Each structure stands twice: as structure tokens, then as C-alpha cells.
Amino acid sequence: MQILDGLAVSAHIKEQLKQEVSDLKANGRKAPHLAAILVGNNPASEAYVGNKVKTCEELGFDSTLLRFETSITEEELLNEVKKLNENESVDGILVQLPLPKHISENAVIDTIAPEKDVDGFHPISQGKMVLGQPGFLPATPYGILLMLEHYNIDVTGKHCVVIGRSNIVGTPMSILMSRNANPGNATVTMCHSKTKDLKAMTLQADVIVAAIGRPRFVTADMVKEGAIVIDVGINRIDDATRKSGSRLVGDVDYDNVAPKCAYITPVPKGVGPMTICGLMKNTLLAAKNRSNA
Ligand code: NDP
């Protein structure tokens, strides 16, 4: 069994990105600039955005964090996004989800200029991904592809079972695994809460991608020997042995599943750091595209 070490792979990719940014600057070009919007003070969202801003600093990117109270109206937020669209110095825009209930996430995502959509959630980005055209891939699936690439894991012809069909993880992951490209060319089954006999599906899987949002949902009896398991889930559970009183676990029962696997991603330090790499690579691409436009 080999652990797919997201922290190590992301450190490697970040070194490459840092070098590219320093080369850009040496050639008189400006640093890529990521603008992030955070509404409210949900602790998980704070941590995710904080990490993204910190990574920008590490890599020599410029970053701007705009914070708003949960009382902001949809119209006001859309205006803030429009201002970033028009701001020439900004290359990439991300709006941290979830947003308060009174704001339509779709309306916000649709308002981001497609050429600055570094999270890859805009319908144009998703459409390009489906059609196999170059564009911004959603950051988490992109990060998973980068991880597979790094470890030279070939999924061609393998049966990949994706659990979850969200627009940001499960659906794009299913499309990317089945596309005629590398990594890709897998045979994909997409499962969700209405799937009958999920275990019968996962037991056939050479590759399982778990993006459910339920702690340790995928148990050892659901996984065949030698499977590749990618755990996207981030779930906080109580743990009295920790100072904080809680800890993070994935959607996979890691301790019992890992011994059966050829490869597995841990949580934390698996897919999470790779997601940030996907976002940073998209931001660099946005900056390059815009300066060549
Ligand atoms: P969503 O809640 O949007 O989607 C969850 C999916 O799981 C849905 O499609 C749902 O089915 C399916 N599901 C729920 N219960 C079951 C069940 N009993 N059997 C089969 N399928 C089920 O979550 P996200 O895709 O946004 O995120 C999934 C997880 O990944 C979360 O833990 C999240 O925190 C984490 N995450 C981690 C990231 C990272 O960087 N590592 C990035 C993004 C997310 P249905 O559609 O029928 O409701």
C-alpha cells in the first residue's frame, strides 16, 4: 500500500509555480493576482481562504481578501464581483462557498468573468471541460489529476466509481476520469444518494473517489483488494483526546480501508493541499492568458 502524499506533491508543484512566477517577474511581467471574497465568518471557510491567501504569499502571487458581513445583499455582492471583473490588476476571482442562504450561489458564480474563473465553477468553464477544450478545471478534480500524474498512476481502462455528484467535485471528477486524455480513459460509474446497492458498485471499483461529506462512510467491506482510493471528504468529528476537542476525517474509514489498497490518500494532507495547487495553477494560467490577450 502506498500513501498518496498530498502535502509532498503539493510542495513539489508549489516550487515549480514559485519558479515560474519569479521568471515572469524577471521578464518584467506582473505577479498573478488572486482576489478572494469571504462572506461571514464560518470557521471552515476562514481556514480555507486563509490557506489560499497564505499560499499566494508563499508563491509570490499578489492576493486581495475582501470580507463582507453575512448581511450583505445579493445585489451588493454581485456588484463587488463586477468590480473585480473590471479591475485590470486582478487575474483570478474566487468566492468562498457556501454563501448565506439569501444569496444565490449560481448568480454569483455566473457573474464572475469567465477569464477570471479560477475555481472553474462558471458554466463556461464547466462547458469547456465537458467538451475537452482548454480552460479552468474545477480546483479539486484538477488537484486529483495532478496527484495521479505525479505518481504515474494510469487509470486507463480501469473502473472508477465516483461517489457524489456535486457540481464542484463528483460530476467534474466523473467527466475528467472518463475523458479521452491522460489521466483519464477510465470507465466511470457515478453514484449518489439514490444509488441502489452502493456496495455492489464499489466492490467492482479499481478506483474509488469518495466525495460524499459523511465521516468514514466508505468501509473496508466496500473496497476490493488492490483498489486505488481517493478520499475528498473533509469532516470534523469530536475527539476528546485532542486539545481542540475535534479532528478531521475523510469520507473513507482510513485505518481499515488502507491495508486493502494499492494507493490511498489520507485526510488531512491528501486531496486538500492538491486543491490549492489546482487553484494556483489556474490563477497563473489566467494571468498568462490575460497578459497574452
Ligand atoms: P455535496 O454535499 O455537494 O455532495 C455530496 C454528494 O454525496 C451528493 O451528490 C450526494 O448525493 C452524495 N451522497 C450523500 N449521501 C450519500 C449516500 N448515503 N450514498 C451515496 N451518495 C451520497 O458535497 P461536495 O461535493 O461539495 O463535498 C463532498 C465532501 O468533500 C465534503 O466532505 C467536503 O467538505 C469535501 N470537499 C473537500 C475538498 C478538498 O479540497 N479536499 C473540496 C471540496 C469539498 P445527492 O446528490 O443524491 O444528494
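## Ligand shell

In this predicted model, the shell around the ligand is made up of 10 nonpolar, 12 polar and three charged residues. In total, 25 residues surround the ligand. The closest of them are G164, S166, S193, G213 and T275.

Among the elements of the structure, helix α10 (residues 271-292) makes the greatest contribution to the shell around the ligand, supplying three residues.

## Helix α10

Helix α10 comprises 22 residues, and the distance from its first C-alpha to its last is 31 Å. This span is close to the 32 Å expected at 1.5 Å a residue.

Of the 22 residues of α10, 16 are buried, so the helix is largely enclosed by the rest of the structure. The helix that gives the most to the ligand shell is thus described by both its span and its burial.

## Packing of α6 and α7

Helix α6 (residues 139-150) and helix α7 (residues 170-178) have axes that come within 8 Å of each other and cross at roughly 40 degrees. The crossing of α6 past α7 is right-handed.

On the α6 side, the contact is formed by P141, I144 and L145; on the α7 side, P172, M173 and L176 take part. Classified by residue type, this contact contains six nonpolar residues, with no polar and no charged ones.

## Residue L198

L198 belongs to helix α8 (residues 198-202). This residue has 17 C-beta neighbours inside 10 Å and therefore counts as partly exposed, since a buried residue would need 20 or more and an exposed one 12 or fewer.

In sequence, L198 and I163 are 35 residues apart. In space, their C-alpha atoms are separated by 8.7 Å.

Conventions
Residues numbered from 1 in each chain as written. Predicted model: local features only at pLDDT ≥ 70, side-chain atom pairs only at ≥ 80, totals over all residues. Axes fitted to C-alpha atoms, helices over the stretch in contact; angles between N-to-C directions. Helix = DSSP H or I, 4+ residues; strand = E, 2+ residues; numbered from the N terminus. Left-handed = near helix turned anticlockwise from the far one by under 90°. Contact = placed C-beta atoms within 7 Å. Nonpolar A, V, L, I, M, F, W, Y, C, P; charged D, E, K, R; others polar. Near = placed C-beta within 6 Å. Expected span 1.5 Å × (residues − 1).
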